[in-house]
Amino acid sequence: MIREAKRVGNLTILVPMDTKHRRVLTVCDCGNMSVKLSANLIPRGSTKDCGQHSLRAVRKRLGKPMIYNSWHRKLRQLRGSASDYSCVQEGCDKTGTGWSYQGGCEDEVQGYHNGFLLPYCQHEEHYSSRCTTHHREYDHALRGAADV
């Protein structure tokens, strides 16, 4: 069935990857290449694009910032692991375990992390390394300030 269909939604089927698991290599109209299960590509299937195509287009159109977790991944790429630094909290001699937003950025937005709505921004200079204990305390204080 799938061998006859060359396009499904925004995807173009390039080549079969294997017959046992029925995976195929696809390219999306946005240029992303991905491997998909052919059963999900049948015309009434659930897969219509690469999954990033529509999300990127919406964010670009609305001018929205990266989501909280995406920004923190990018921050680790830019600055390395927070564990390479000491906790910024005065008097603490522990190693940092995560990057902590310091607040005060004019481009501050809010995003969900572990069920909590937290402020963050996309400027690396507004982040410091904190140990787990002080990171939790600091985030708790930020949540309290945001609720007021």
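Buried means under 20% relative accessible area. Tyr-127 has 2% relative accessibility, so Tyr-127 counts as buried. That cut-off returns in several of the views below, which are taken from a predicted model.

**Figure 1. Overview of the predicted fold.** The model shown is predicted. Its secondary structure comes to 3 helices and 8 strands. Along the sequence, these elements follow the pattern β-β-β-β-α-α-β-β-β-β-α. The protein has 148 residues, and 33% of them count as buried. Among contacts with a separation of 6 or more, 46% come from residues 24 or more positions apart.

Figure 2. The whole structure holds 4 aromatic pairs. One of them joins Tyr-68 and Tyr-120 in an edge-to-face arrangement. The ring centres are 5.3 Å apart, and the planes stand at 80°. Are the two tyrosines buried or exposed? Both Tyr-68 and Tyr-120 are buried.

**Figure 3. Trp-71 and Tyr-127 form a tilted pair.** The ring centres of Trp-71 and Tyr-127 lie 6.1 Å apart. Their planes meet at 50°, so the pair counts as tilted. Here too, distant parts of the chain are linked: Trp-71 sits in helix H2 and Tyr-127 in strand S8, residues 127-130. The two residues are 56 residues apart. Trp-71 has 4% relative accessibility, so Trp-71 counts as buried. Tyr-127 is buried as well, at 2%. Which residues make up the aromatic cluster? Trp-71, Tyr-101 and Tyr-127 form one cluster.

**Figure 4. Arg-130 reaches over the ring of Tyr-138.** The charged end of Arg-130 sits over this ring. The distance from the charged end to the ring centre is 3.9 Å. Arg-130 is also in contact with His-135, the subject of the next view.

**Figure 5. His-135 and its contacts.** His-135 has its place in helix H3, residues 132-147. Its relative accessible area is 14%, so His-135 is buried. Which residues does His-135 contact, leaving aside its neighbours within four places in sequence? They are Gly-98, Trp-99, Ser-100 and Arg-130.

**Figure 6. A nonpolar patch on the surface.** Leu-14, Val-15 and Met-33 form this patch. Together they have about 270 Å² of accessible area. Met-33 is found in strand S4, residues 33-37. Its relative accessibility is 53%, so Met-33 counts as exposed.

**Figure 7. Asp-84 in a loop.** Asp-84 lies in the loop between H2 and strand S5, the latter spanning 98-101. Why does Asp-84 count as exposed? Its relative accessible area is 60%, and exposed means over 50%. Asp-84 and Ser-129 are 45 residues apart in sequence. In space, their C-alpha atoms are 8.7 Å apart.

Conventions
Residues are numbered from 1 along each chain as its sequence is written. This is a predicted model: local features need pLDDT of at least 70, side-chain atom pairs count only at pLDDT 80 or more; totals for chains, interfaces and linings use all residues. Side-chain values use heavy atoms; hydrogens and water are left out. Rings of Phe, Tyr and Trp (its six-membered ring) pair if their centres lie within 6.5 Å; planes under 30 degrees apart count as stacked, over 60 as edge-to-face and the rest as tilted. Buried means under 20% relative accessible area, exposed over 50%, partly exposed in between (1.4 Å probe, protein chains only). Helices (H or I, at least four residues) and strands (E, at least two) are DSSP runs, numbered from the N terminus. A charge sits over a ring if NZ of Lys or CZ of Arg is within 6 Å of the ring centre and within 35 degrees of the ring normal. Patches are made of residues with over 30% relative accessible area and no salt bridge: like charges are joined within 9 Å, nonpolar side chains (Val, Leu, Ile, Met, Phe, Trp, Tyr) within 5 Å. Accessible areas come from the Shrake-Rupley method with a 1.4 Å probe; for residues, only the protein chains shown count as cover. A salt bridge is a side-chain nitrogen of Lys or Arg within 4 Å of a carboxyl oxygen of Asp or Glu. Contact means heavy atoms within 4.5 Å.
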